[in-house]
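Please read through the following structure one part at a time.

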Number of protein chains: 4
Amino acid sequence: MQTNIQKIAVLTSGGDAPGMNAAIRAVVRACVFHGKECTGIYRGFQGLVEGDFIPLGARSVKNMINRGGTFLKSARSEDFRTPAGRKKAFDHLKENEIEALIVIGGDGTFKGASLFYEEYDFPIVGIPGTIDNDIRGTDFTIGYDTALNTVVEAIDKIRDTANSHNRLFLVEVMGRDAGDIALNAGIGAGAEEILIPEEDLGKDRLVESLAKSRKSGKTSSIVVVSEGDQIGKNIFELAEYIEEHLKQYEVRVTVLGHIQRGGAPSCYDRVLASRLGVGAVEALLENKHNVMVGIKHKKIVVTPFNEAIEGSNEIDWDLLKVADIISI
Amino acid sequence: MQTNIQKIAVLTSGGDAPGMNAAIRAVVRACVFHGKECTGIYRGFQGLVEGDFIPLGARSVKNMINRGGTFLKSARSEDFRTPAGRKKAFDHLKENEIEALIVIGGDGTFKGASLFYEEYDFPIVGIPGTIDNDIRGTDFTIGYDTALNTVVEAIDKIRDTANSHNRLFLVEVMGRDAGDIALNAGIGAGAEEILIPEEDLGKDRLVESLAKSRKSGKTSSIVVVSEGDQIGKNIFELAEYIEEHLKQYEVRVTVLGHIQRGGAPSCYDRVLASRLGVGAVEALLENKHNVMVGIKHKKIVVTPFNEAIEGSNEIDWDLLKVADIISI
Amino acid sequence: MQTNIQKIAVLTSGGDAPGMNAAIRAVVRACVFHGKECTGIYRGFQGLVEGDFIPLGARSVKNMINRGGTFLKSARSEDFRTPAGRKKAFDHLKENEIEALIVIGGDGTFKGASLFYEEYDFPIVGIPGTIDNDIRGTDFTIGYDTALNTVVEAIDKIRDTANSHNRLFLVEVMGRDAGDIALNAGIGAGAEEILIPEEDLGKDRLVESLAKSRKSGKTSSIVVVSEGDQIGKNIFELAEYIEEHLKQYEVRVTVLGHIQRGGAPSCYDRVLASRLGVGAVEALLENKHNVMVGIKHKKIVVTPFNEAIEGSNEIDWDLLKVADIISI
Amino acid sequence: MQTNIQKIAVLTSGGDAPGMNAAIRAVVRACVFHGKECTGIYRGFQGLVEGDFIPLGARSVKNMINRGGTFLKSARSEDFRTPAGRKKAFDHLKENEIEALIVIGGDGTFKGASLFYEEYDFPIVGIPGTIDNDIRGTDFTIGYDTALNTVVEAIDKIRDTANSHNRLFLVEVMGRDAGDIALNAGIGAGAEEILIPEEDLGKDRLVESLAKSRKSGKTSSIVVVSEGDQIGKNIFELAEYIEEHLKQYEVRVTVLGHIQRGGAPSCYDRVLASRLGVGAVEALLENKHNVMVGIKHKKIVVTPFNEAIEGSNEIDWDLLKVADIISI
């Protein structure tokens with residue numbers, strides 16, 4: 001560890017995700033462990049532009065590991081999109097003698113961070129915190145595992161009603177561009193069909209498949225729908241279409257919505273957040289900049305921001321095949 | 001116990017509620033305990049019309065106490081609304097030597113049961129099973145306590161995001177005619193405002209109150225909205241109205257929907273269901289007919305069907321006042 | 001409301017219980033609502049003796065309603081048992097211009113409060129906060145409902161293993177003098193036998209009953225044991241005794257322990273705590289002193305401390321009969 | 001796929017683990033998908049010896065994915081340890097025209113399976129199902145992720161009390177030979193110290209470290225102890241030792257016990273079980289025998305039984321370092 005950095009700031013940006021607090025806690029304590037000062041920045045890049053800072057010590061983050069959301073808060077920042085805003089941000093960092101920055105968030109966060117790094121050559125390391133799991137360079141993003149459990153627990157409840165009334169439920173889950181949540185939670189929830197943006201099933205094949213599974217003896221069904229799926233985008237229309245063409249089921253819709261973002265993080269997300277928080281501080285101390293720390297096959301790895309934001313991991317086609325087999 | 005009834009049937013009807021399985025289990029085992037036979041009827045009154053029966057013994061209901069939904073299933077029955085349908089139902093009961101019937105459900109269920117009792121003088125006892133808590137003659141209905149916990153846990157998650165982003169969330173909960181779920185879950189979830197059908201707050205007073213609470217230092221807010229509330233009925237319109245007139249918050253909407261009906265029952269609902277299941281069998285054995293068993297101040301009581309279905313309990317105005325005080 | 005009290009202090013004492021934070025929050029906000037000042041006292045009576053005070057405003061208690069434990073902390077206080085300690089306590093209250101005190105806790109707490117009231121004629125109101133539900137003058141104590149759910153969820157998990165391995169589990173739950181938790185959670189968890197301090201079943205009748213239920217076709221069993229039960233006091237010895245005399249089961253023991261005290265409160269406990277917190281402040285404002293506020297059949301009532309601490313509510317023998325019937 | 005196998009049997013053996021039912025379900029449905037018959041064997045190898053078989057179809061395993069335990073049950077089998085027992089087992093398989101066997105369990109299960117394969121050249125594939133995560137050849141075993149969440153949720157509750165009373169809690173978790181559960185759940189629960197079999201900390205260094213962390217401002221502490229740890233083996237003695245030598249804390253012990261084995265599986269465990277269940281059937285169809293299917297870096301891999309049972313994965317020393325840093 002050959003760096004002279006003495007003071008590191010940390011912020012959370014983009015949609016909140018369970019485990020962000022655990023990551024902040026790990027950043028703060030890794031700073032203390034390595035004899036560095038740590039500063040928290042409120043409301044993401046907007047707080048950076050406004051200089052909304054707070055000193056953080058080991059005890060500032062006690063009883064934080066199990067809390068959903070982010071106590072440093074998050075916000076969209078129009079100001080940070082402007083050169084003038086970023087100039088202010090840089091000035092606030094200098095005034096406060098902050099020499100490096102850790103940003104916790106998703107691809108939008110890393111794009112902003114990367115731009116700032118290029119303009120001001122300011123050392124930045126990113127931590128992937130988003131329930132969407134759509135970042136290259138890490139097997140998992142912080143919050144994803146918790147969101148999967150939240151979705152599966154919600155669908156377990158819906159299934160009670162589906163079973164009791166012999167109904168078909170369409171359940172919309174998050175995922176504008178990526179079907180990871182739908183695919184994994186769909187398998188976990190025992191869904192009959194899973195609609196994801198990466199694959200265009202078509203309404204007719206969906207109805208056909210549901211008809212077939214009804215014939216095979218299924219008396220109720222769950223269809224998990226990614227919000228970004230082609231035919232699932234207007235989920236209420238899809239429900240009507242199915243009811244008209246299938247005729248054997250009453251169809252109901254549930255949009256899970258924001259409950260997917262919150263809640264106490266799962267053990268996996270807490271451990272992941274702890275590792276990545278420590279890893280981000282150590283990456284800075286090893287003079288790694290403009291990179292994201294991630295986990296690959298249980299090891300910490302770093303990936304340049306521009307690779308991380310290149311677009312999401314491809315869907316796991318093997319898993320999609322498993323989904324087909326086990327919903328027989 | 002001076003009755004000669006030897007064989008009792010049980011069915012669940014109306015929307016499913018957590019604890020219905022626990023109630024069925026208690027009915028079955030109370031029958032066994034008192035040396036009576038028990039028959040399950042599938043799909044509520046429809047199964048009664050169709051003669052869809054199954055014999056139930058003590059072991060048939062093992063591992064049922066903790067399951068949501070109803071393993072006897074529930075359904076709407078157009079057939080039972082017709083005299084011909086009810087005739088068929090009566091004939092199936094006679095053929096199967098069933099001498100009494102226990103129905104688990106809400107006010108619609110009790111109306112049907114009451115009509116059947118009047119026409120055929122067939123001994124029937126009801127058990128209040130509905131998450132809505134809108135039955136007179138019982139302090140609590142089976143499933144209500146579980147639904148409250150489900151709502152509160154969901155809003156705890158939403159609050160993580162509300163806090164992290166300084167947002168206002170409108171959360172729609174069940175309750176077409178009764179505000180009990182909204183009022184209790186709203187207090188439990190620490191909501192700033194609670195909109196219920198029993199009280200017409202008006203959009204302007206809502207906005208005013210939210211503005212005031214923002215001024216008092218609140219940076220995020222939860223508004224719990226009964227689906228039957230006057231201004232909350234179109235919750236998406238209400239959200240737009242607030243965003244326009246309040247201007248200080250981003251407003252988001254979550255409709256909790258069907259997750260409120262499912263899930264493993266709470267301890268309270270399991271105990272209540274067990275008591276009422278036993279109580280229903282014992283009421284029959286004491287020649288009480290055309291009544292519902294309920295719980296009042298921890299004691300089992302019976303109420304004639306026509307009183308039970310007279311309309312829901314009045315909202316607890318003291319509690320509404322508590323809600324105002326603690327959301328200050 | 002004819003009192004001149006301007007400043008009220010609040011403390012939590014005895015074992016912590018889920019919902020204590022919700023009660024503190026309600027006390028604070030009811031003070032604000034009624035234009036009174038509120039002071040928090042840390043670590044119960046010990047903090048009172050030491051003058052460990054903190055001013056509390058409406059925002060001090062935000063995001064508290066869903067947290068287990070008590071942020072004011074609790075402690076045993078040897079000092080408060082001495083006249084000298086209580087004198088110090090009184091002096092600190094005077095110095096700080098505190099005119100009334102709200103204590104949240106169990107019977108030990110109320111005994112201390114009552115003594116202090118008698119010595120100093122200092123206005124005090126109590127709120128029943130304990131998982132044991134062993135206070136007269138209230139249908140439920142704060143934390144009891146949550147503890148029941150915690151126990152039932154834990155036993156649901158244990159039952160998975162009991163079923164998979166055809167085993168008998170003895171599960172020890174809290175309750176030194178009162179069997180309420182064991183009885184209600186035992187029913188809720190579908191226990192075959194429930195051992196409570198109020199009833200001495202005897203080892204032989206227990207083994208006999210388990211043998212009978214094995215014969216009736218049960219392949220696994222759960223026995224819920226109150227820690228204060230006669231034969232269950234040494235639960236490991238009891239397990240050996242059963243294994244020796246029953247011979248048909250492997251017997252396992254789980255002592256649930258402290259998980260029963262913590263966790264996010266249930267909706268019921270949050271609402272109860274909110275009502276009682278508001279009720280305590282309003283009782284003080286109505287010049288009611290040396291009393292506990294409780295809930296009876298959904299209404300707030302006050303009970304003199306000396307009645308409240310007279311010993312626990314009697315066990316509900318009807319419920320015990322239900323337990324016998326449904327475990328058939 | 002070049003095999004002629006037409007009928008495959010499946011059993012669960014050893015300690016039950018959440019997700020075993022999901023694995024059975026996937027095996028059954030993969031059989032149906034590939035046009036094969038599937039037979040369930042009750043009570044592990046004992047049911048194999050006794051010929052306790054049941055035919056399983058796609059609908060036999062409905063609503064199984066979310067249930068803890070194993071509906072095929074598990075048992076220890078002394079008979080299968082004898083050549084005579086295994087002969088009977090083989091005969092039952094032949095009589096029933098079963099041509100291949102899938103066993104779900106831990107290292108003991110695989111040892112038995114391997115022996116049987118060697119003696120009878122009977123095609124067997126294993127699936128790692130155990131909460132201990134102590135099998136080589138897979139990144140995760142089925143049930144491990146759920147157990148971690150169960151432990152972390154339990155300790156979250158205990159922490160409420162630890163915080164409220166400024167206490168030190170020793171919490172014993174499963175892990176006779178391997179510290180994986182303690183290490184990961186300890187990090188996830190924010191434990192101050194983690195005692196694992198792989199590392200002998202020594203009582204004095206433990207006390208020293210706790211004293212230091214008390215000095216740094218911590219007012220309560222959680223120590224997570226693996227049941228197989230050197231100094232933690234007798235956890236009650238350890239508690240006394242700490243109380244004597246540290247003097248600043250009241251020390252309490254909680255032994256989590258069997259709640260760690262049960263419960264609805266996490267989404268991760270459900271997906272893993274689904275993949276491995278399908279993978280096991282497909283391995284058999286590809287003529288892979290005497291191997292375990294596992295997951296490595298998100299891909300299905302096979303490992304010979306003799307390697308899988310060689311002993312557990314090494315502890316992740318990097319993670320232990322992270323634990324030290326974040327508990328500062």
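In which strand of chain C is the place of R252(C)? The model is a predicted one, and in it R252(C) belongs to strand β9, which covers residues 251–255 of chain C. Is this residue buried, exposed or in between? With a relative accessible area of 23%, R252(C) is partly exposed, because the buried class is kept for values under 20% and the exposed class for values over 50%. Its side chain and that of E250(C) are joined by a polar contact of 2.9 Å. Beyond its neighbours within four places in sequence, R252(C) is in contact with R167(C), L168(C), F169(C) and L170(C) in chain C, and with R76(D) and H258(D) in chain D. F236(C) is 16 residues away from R252(C) in sequence, and the two C-alpha atoms are 8.7 Å apart in space. In chains A and B, a network of salt bridges links R76(A), R167(B), E250(B) and R252(B).

Another residue of chain C to look at is S77(C), in the loop that runs between β3 (53–56) and α3 (83–95). S77(C) has a relative accessibility of 11% and counts as buried. What does its side chain reach? One polar contact, of 2.6 Å, joins it to the side chain of Q46(C). The side chain of S77(C) also reaches a backbone atom, the nitrogen of F80(C), at 3.0 Å. Setting aside neighbours within four places in sequence, the contacts of S77(C) are with F45(C), Q46(C) and V49(C).

Salt bridges come next. Over all chains, the structure holds 59 of them. One is found between D91(B) and K87(B), whose side chains meet with N and O 2.9 Å apart. These two residues are four residues apart in helix α3 (residues 83–95) of chain B, so about one helical turn separates them. An α-helix has 3.6 residues a turn, so residues three or four places apart point the same way. D91(B) is partly exposed at 28% relative accessibility, and K87(B) is partly exposed at 41%.

In chain C, D52(C) forms a salt bridge with R43(C), with the closest N and O atoms 2.9 Å apart. Here D52(C) is partly exposed, at 26% relative accessibility, whereas R43(C) is buried, with a relative accessible area of 19%. In chain D, R43(D) forms a salt bridge with E50(D), and the closest N and O atoms are 2.9 Å apart. E50(D) is partly exposed, with a relative accessible area of 42%.

Now to a helix of chain D. How many of the residues of α6(D) are buried? Nine of the nine are, so the helix is largely enclosed by the rest of the structure. Among these buried residues are D180(D), L183(D), N184(D) and G188(D). They pack against α5, β6 (168–173), β7 (193–195), β8 (221–226) and α11 of chain D, and also against α9 (267–285) of chain A. Just after the helix, G190(D) takes a positive phi of about 70°.

Together the chains bury about 4,400 Å², of which 57% is on carbon and sulfur atoms. Eight salt bridges are counted between chain D and chain A. In one of them, K321(D) pairs with E282(A), the closest N and O atoms being 3.8 Å apart. There are also 20 residue pairs in polar contact between the two chains.

How are the two copies related?

Note on methods: Residues numbered from 1 in each chain as written. Chains lettered and ligands numbered in written order. Predicted model: local features only at pLDDT ≥ 70, side-chain atom pairs only at ≥ 80, totals over all residues. Heavy atoms only, no water. Buried area = accessible area lost by both parts, 1.4 Å probe. Salt bridge = Lys/Arg side-chain N within 4 Å of Asp/Glu carboxyl O. Polar contact = N/O pair within 3.5 Å; in protein donor to acceptor, adjacent residues only side chain to side chain. Buried < 20%, exposed > 50% of the residue type's maximum accessible area, 1.4 Å probe, protein only. Contact = heavy atoms within 4.5 Å.
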